[in-house]
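Please open the model in a viewer and keep the sequence panel at hand.

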Amino acid sequence: MLIKTGRDGFQHPHSSEITPRAVYEDRRNLLKWMATGAAGAALATWAQREALAQQVQRPGKLAQLAVVRSTVPGAVTMEKVTEYKDASTYNNFYEFGTDKSDPAKNAHTLKTNPWTVEVEGLVKKPAKYALEDLMKMGAQEERIYRLRCVEGWSMVVPWVGFSLSKLVEKVEPLGNAKYVEFLTLADKATMPFVGSRVLDWPYAEGLRMDEAMHPLTLLTFGMYGEVLPNQNGAPVRLVVPWKYGFKSAKSIVKIRFTEQMPKTAWNKAAANEYGFYSNVNPEVDHPRWSQATERRIGEDGLFAKKRKTLMFNGYEAQVGQMYAGLDLKKNF
């Protein structure tokens, strides 16, 4: 019997000469191939190629950024990208109003130049960075992330930035720094709803140190290949894709390293509804609605069947180990 060995390492007999022994050998070779991890690597490479082939259309609205594709595992989803017109007009940014359309209508008053971000607290090298200097700390990578709002809707957004860890490493946190706090601009002159009773201003968020250092945590300067629109958190924001959207602070002006868990805006407003961690978790409902499903903006109508929400918003393979042994219902 003539049996040829292909590039994949499997034996391929002529169709007229297939025997039970040949089938057994092929199955054994396949199992051995999968056991080595080669199958996973091949599939990952294929998936990455497919994802990278996804072309993000530049809207041509704002200044374009020079971007490179990210090599961080999990940083480029293959899901259909939400249209720019939806991602830039359906927003939560309470400094400019509480309706989804308010930020796009009102955020033109925000002044983003000049802009400074101050880093302070438990670090060896506290500093004030002008926006242009902050942007030079790393190559601007395009990351296509899922975005899941605690309200039960979602998007897929191509963000531009670099891993927050680059900044963290530069300022050299002290050994007792366990958390990173993010404070955002609260300027009544340019943000008409600052001072409203909805939240305690300025808007504050926080991460555990290992969360801040995770390569998927993105210090973000743009989206869709261009600088951030004001309503999306210009000129610099955070994006933490495995957490509900409100954890990703917008228009950041101060980053503080602390030993104690920082008090965050929505946790202060309603501690029983919004925990510090706020990881996307379909098994832990909001007190007033289910988190098991979501509606994709621009794709799923109000009456369409909702899609299932993924644990950690689909990033469990990358981030799940950080919460091993943690009660995710208690630490919601």
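For the linings described below, Ala, Val, Leu, Ile, Met, Phe, Trp, Tyr, Cys and Pro count as nonpolar, Asp, Glu, Lys and Arg as charged, and the others, Gly among them, as polar. The model is predicted.

**Confidence**

Colour the chain by pLDDT. The mean over the chain is 88, and 84% of the residues reach 70 or more. Select residues 1-28: pLDDT stays under 50 here, and the model has 27 contacts beyond four places in sequence for this segment. Then select residues 30-53, where pLDDT likewise stays under 50; for these residues there are 14 such contacts beyond four places in sequence. Where pLDDT is low, the predicted coordinates should not be read in detail.

Select strand β4 (residues 116-121) together with strand β5 (residues 127-130). The two pair in the antiparallel sense over four bridges, and they form a hairpin with five residues between them. Within the pair, Val117 has Tyr129 of β5 as its bridge partner.

In which sense does β4 pair with β13, parallel or antiparallel? The pairing is parallel and extends over four bridges; Glu118 stands opposite Lys254 of β13. Tyr179 has Thr258 in β13 as its bridge partner.

**Backbone features in the loops**

Move to the loop between α4 and β4, where Pro114 is found. The peptide bond joining Asn113 and Pro114 is cis, with omega about 0 degrees. Next, select Pro202 in the loop between β8 and β9 (204-208). The bond from Trp201 to Pro202 is also a cis peptide bond, with omega near 0 degrees. Finally, select Glu172 in the loop between α6 (165-171) and β8. Glu172 is not a glycine, yet has a positive phi of about 55 degrees.

**An aromatic pair**

Display the aromatic side chains; a search of the whole structure finds 12 aromatic pairs. Select Tyr90 and Trp153. Their ring centres lie 5.0 Å apart and their planes stand at 85 degrees, so the pair is edge-to-face. Tyr90 belongs to the loop between α3 (84-87) and α4 (102-106), and Trp153 to strand β7 (residues 153-163), so the pair ties together parts that are 63 residues apart in sequence.

**The largest pocket**

Select Asn92, Phe93, Gly245, Phe246 and Lys250, which lie nearest the centre of the largest pocket among its 27 lining residues. The volume of this pocket is about 460 Å³. Which strand gives the most to its lining? That strand is β7, with four residues. By type, the pocket lining divides into 17 nonpolar, six polar and four charged residues.

**The cavity**

How many cavities of 30 Å³ or more does a search of the whole structure find? The search finds one, and about 50 Å³ of space lies in this largest cavity. Select its lining: Tyr145, Arg146, Leu147, Arg148, Trp159, Val239, Val240, Pro241, Lys243, Gly245, Ser248 and Asn313. Strand β6 (residues 141-148) gives the most to this lining, with four residues. The cavity lining comprises six nonpolar, three polar and three charged residues.

Conventions. Residues numbered from 1 in each chain as written. Predicted model: local features only at pLDDT ≥ 70, side-chain atom pairs only at ≥ 80, totals over all residues. Heavy atoms only, no water. 1 Å grid on protein atoms, 1.4 Å probe; cavity = no way out; pocket = protein on both sides within 12 Å on 5 of 7 lines; lining within 4 Å. Points joined across faces, edges and corners; volume = space filled by probe spheres on them. pLDDT = per-residue confidence, 0-100. Contact = heavy atoms within 4.5 Å. Pairing = 2+ DSSP bridges. Phe/Tyr/Trp six-rings, centres within 6.5 Å; stacked < 30°, edge-to-face > 60°.
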